[in-house]
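The entries below follow the order in which I looked.

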Amino acid sequence: ISLSVNPDGGNASSPLLYGFMFEDINHSGDGGIHGQLLQNNGFQGDSPNLTAYAAVGDVSLAVDFDNPLTSAITRSLRIDVPSNTTGQVGFSNEGYWGIPVDGTTYTSYFFMKGNYSGDITIKLVGTTSGVEYGKSTLKVTSGDKFSEFNTSFPTTRAPDGDVLYTLTFDGAQAAGDSLWFDLVMLYPTTYKNRYNGLKTQIVDALNGVKGSFLRFPGGNNLEGASPSNRWKWNETVGPLEDRPGRQGDWSYPNTDALGLDEYFYWCEDMGLEPVLGVWAGFSLDSGGGTPITGDALQPYIDDILNELEYILGDSSSQYGAWRVANIGRTEPWPLTMVEIGNEDNLGGGCASYPERFQRFHDAIKEEYPQLRIIASTSNSTCLPDPLPEGIWTDYHNYNTPENFYDEFNFFDNVDRSFPYFVGEYSRWEIDWPNMQGSVSEAIWMLGMERNSDVVKMAAYAPTLNLVNSTQWTPDLIAFNQDPTDGVFLTTSYYVQQLFSTNRGDTIKEVTSDSAFGPVFWCASSKGSTYYVKLANYGQDTQSLDVTVPGTTTATLTYVANDDPSAYNSDEQHPVSPVTKSLAGNGTFAFTLPAWAVAVLAAQ
Ligand code: AHR
């Protein structure tokens with residue numbers, strides 16, 4: 001196959017093209033990228049129980065509904081201490097299927113009440129080994145109201161995630177009494193050392209992709225099973241003890257400690273453009289009273305205007321002042337893009353979306369004309385006619401490899417007046433991304449990249465998966481709680497990384513002696529560097545000559561495997577990027593392996 005890149009001309013490509021979609025699914029947030037390591041610390045969700053806790057010593061534990069910490073955290077942990085107790089007693093928490101102890105300074109916070117004056121000892125200990133990886137003892141005096149305590153302590157790196165958090169006290173001091181604990185938290189040193197921040201190991205994996213944007217907070221998890229269960233922005237800000245959490249849409253309680261401000265810190269710290277999804281009158285359960293239309297929708301529109309004031313307002317505004325009070329930030333968050341709803345083409349949302357979209361759109365644009373509004377579907381039957389100016393539309397594509405192959409040219413002839421945000425896509429219905437699926441995603445991505453005048457942004461989804469709690473597969477990055485080897489980069493991760501870290505700003509014309517398939521390509525340039533992205537969807541190796549006039553050296557980086565079903569997982573890692581240097585005088589000859597995704601970078 002001979003390809004020749006035309007150095008002249010070309011179309012501008014979207015600078016935002018590759019980025020991330022995030023919602024709390026697969027414990028991607030709680031137990032995942034969020035730094036708080038103890039599970040069930042506020043007994044939130046629909047069925048509070050003692051998940052993750054066990055008694056230490058001869059005491060009994062109960063979830064107490066009569067001794068709330070606050071009006072938001074309405075349950076606490078009661079420890080009944082028998083009258084003849086001696087020695088250290090208390091409770092353990094096993095975290096989210098383990099606790100990663102990475103050798104940094106850890107901080108534990110907890111609320112406590114009950115008559116006690118004495119030492120509290122916190123330890124991080126190997127569950128089976130009994131080895132201690134961190135310990136702190138602090139003196140406390142508590143009474144009949146909850147008081148907050150915290151302690152920071154050094155740790156040594158644990159060999160795996162098989163670690164328990166224990167909090168114990170002197171049983172003799174509390175004998176015959178009860179003590180209450182709530183919102184017990186444990187953080188490692190977080191990414192950029194932020195209070196209530198993110199877990200470095202997972203941020204590092206995301207940073208490896210060099211994405212451009214973050215869409216949050218969903219996805220289905222924005223929508224709720226019913227309106228009262230939706231993601232409510234105002235319950236995810238402020239002190240953690242004022243955040244009630246909610247029963248998330250993916251079968252587990254969300255603490256919402258990763259809340260609205262934390263998402264914006266995440267964007268700021270990783271250099272990502274925020275794409276805020278707002279609830280638009282539609283929940284997942286059609287029996288839950290949605291879609292909401294007519295006059296009944298107005299309070300929800302007002303609520304989103306309040307949310308936007310919280311994000312964008314200054315301290316003279318009611319909600320801007322609340323942001324300043326909560327996090328001390330006087331400047332607004334740099335929000336430019338708002339998506340109205342999620343997948344409103346599905347589940348009975350379509351017929352009412354023209355009305356709902358238009359009303360949210362008009363209300364937001366009136367207050368914030370600078371914001372880019374994104375519709376949650378590109379299905380024109382679910383959208384107002386005519387569509388307001390300046391709209392981008394979200395198109396989701398979970399698909400088979402064969403269909404991704406066939407849809408390479410999907411964007412070639414679409415109406416260019418309403419650009420696309422491909423807010424979610426991936427090869428679907430397998431456990432782990434595999435080589436065939438990842439090559440097919442690359443074909444779809446090549447189709448988007450060469451049309452990136454009209455495809456503005458695209459995100460693989462879902463992004464993260466704690467292997468012990470999987471609600472959706474495949475996912476881009478999997479992880480467990482091993483602090484050293486606990487992040488598993490999939491074949492699709494490497495494809496995202498290859499495409500995102502090798503971005504031009506101009507899409508170049510390519511002429512060829514061959515038709516597309518099984519090899520697909522797209523070329524771009526930035527300054528004097530040319531990128532030729534390639535996918536080989538087939539069992540045969542392919543010989544290529546790529547001519548880029550004026551260049552003399554190139555590197556070829558690829559991921560490949562002869563076996564289309566090859567996959568990286570928590571147990572094996574057969575696929576990693578390979579890089580080769582190529583010499584040539586404007587023409588580079590090389591072999592593309594079977595089932596491969598490659599980037600030739602020539603200068
Ligand atoms: O990515 C998983 C789910 O797929 C998202 O929550 C939803 O938007 C889509 O249906």
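Before reading any distance between domains, I noted that the domain bounds come from an automatic or database domain assignment. I also noted that this is a predicted model.

Entry on the domains. I found the chain divided into domain 1, which is made up of 1-34, 191-211 and 396-603, together with domain 2 (53-187) and domain 3 (222-390). I then looked up the spacing of domain 2 and domain 3, and their C-alpha centres lie 36 Å apart.

Entry on the interface. I looked up the contacts next and found that 9 residues of domain 2 touch 6 residues of domain 3. The size of an interface is often given as the accessible area lost when the parts come together. For domain 2 and domain 3 the buried area is about 500 Å², and carbon and sulfur atoms give 67% of that area.

Entry on the ligand. Which residues surround the ligand? I listed Glu-23, Gly-219, Asn-220, Trp-250, Asn-342, Glu-343, Tyr-398, Glu-424, Pro-462 and Trp-472. I then looked up individual distances to oxygen atoms of the ligand: a polar side-chain atom of Glu-23 lies 2.4 Å from one, and a polar side-chain atom of Tyr-398 lies 2.7 Å from one. For Asn-220 I noted a polar backbone atom, which is 2.8 Å from an oxygen atom of the ligand.

Definitions and conventions. Residues are numbered from 1 along each chain as its sequence is written. This is a predicted model: local features need pLDDT of at least 70, side-chain atom pairs count only at pLDDT 80 or more; totals for chains, interfaces and linings use all residues. Side-chain values use heavy atoms; hydrogens and water are left out. Contact means heavy atoms within 4.5 Å. Buried area is the accessible area (1.4 Å probe) that two parts lose on being put together, summed over both. A residue is near a molecule or strand if one of its heavy atoms lies within 4 Å of it. A polar contact is a pair of N or O atoms within 3.5 Å; within protein, one must be able to donate a hydrogen and the other to accept it, and residues adjacent in sequence count only if both atoms are side-chain atoms.
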